[in-house]
Amino acid sequence: MIPLAHILIFSALLFSLGIMIVLMKKNAIVILMGIELILNAANINLVAFSHYDPTFSGQMFTMFVMVVAVSEIAIALAIVFKLYHHLRSIDLDLN
């Protein structure tokens, strides 16, 4: 059994990597992938807390987060494709 501290450290590293990608990259698709890393880090925390505390229903929250993430990605990809259709670029750098 993996200790809770190891899971939380892994989740924190995943979250930090996602934040770093969102803040440093200009490509819209890469930024969406960074947002997915952030959401997956939150899901790992929810499942870990649910495993160690049976009264906490973290797996239900995880399913909710996954559904919201899929919806968010579908809408964001539609926006990115429309942006590419008009500007011929998906870089978010406006200069």
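The legends below accompany several views of one protein chain, shown as a predicted model.

**View 1. Overall dimensions of the C-alpha trace.** Along its principal axes, the C-alpha trace of the protein chain spans about 50 × 25 × 15 Å. The radius of gyration of the protein chain is 16 Å, whereas a compact globule of 95 residues would have a value near 12 Å.

**View 2. Segments annotated in the UniProt record.** The unreviewed UniProt entry carries the annotation "transmembrane region" for residues 6-23, 30-49 and 61-81. Of these spans, residues 30-49 are 100% helix and 0% strand in the model, with their end C-alpha atoms 29 Å apart; residues 61-81 are likewise 100% helix and 0% strand, and their end C-alpha atoms lie 30 Å apart.

**View 3. Burial, contacts and surface.** Of the 95 residues in the protein chain, 23% count as buried, that is, they have under 20% relative accessible area. The accessible surface of the protein chain amounts to about 6,900 Å², and carbon and sulfur atoms account for 75% of this area. When contacts between residues at least 6 apart in sequence are considered, 58% of them join residues at least 24 apart.

Terms used:
Residues are numbered from 1 along each chain as its sequence is written. This is a predicted model: local features need pLDDT of at least 70, side-chain atom pairs count only at pLDDT 80 or more; totals for chains, interfaces and linings use all residues. Side-chain values use heavy atoms; hydrogens and water are left out. The radius of gyration is taken over C-alpha atoms; the globule rule is 2.2 Å times the number of residues to the power 0.38. Buried means under 20% relative accessible area, exposed over 50%, partly exposed in between (1.4 Å probe, protein chains only). Contact means heavy atoms within 4.5 Å. Accessible areas come from the Shrake-Rupley method with a 1.4 Å probe; for residues, only the protein chains shown count as cover. UniProt positions are given in the numbering used here, feature names are shortened, and annotations may be inferred rather than shown by experiment. Helices (H or I, at least four residues) and strands (E, at least two) are DSSP runs, numbered from the N terminus.
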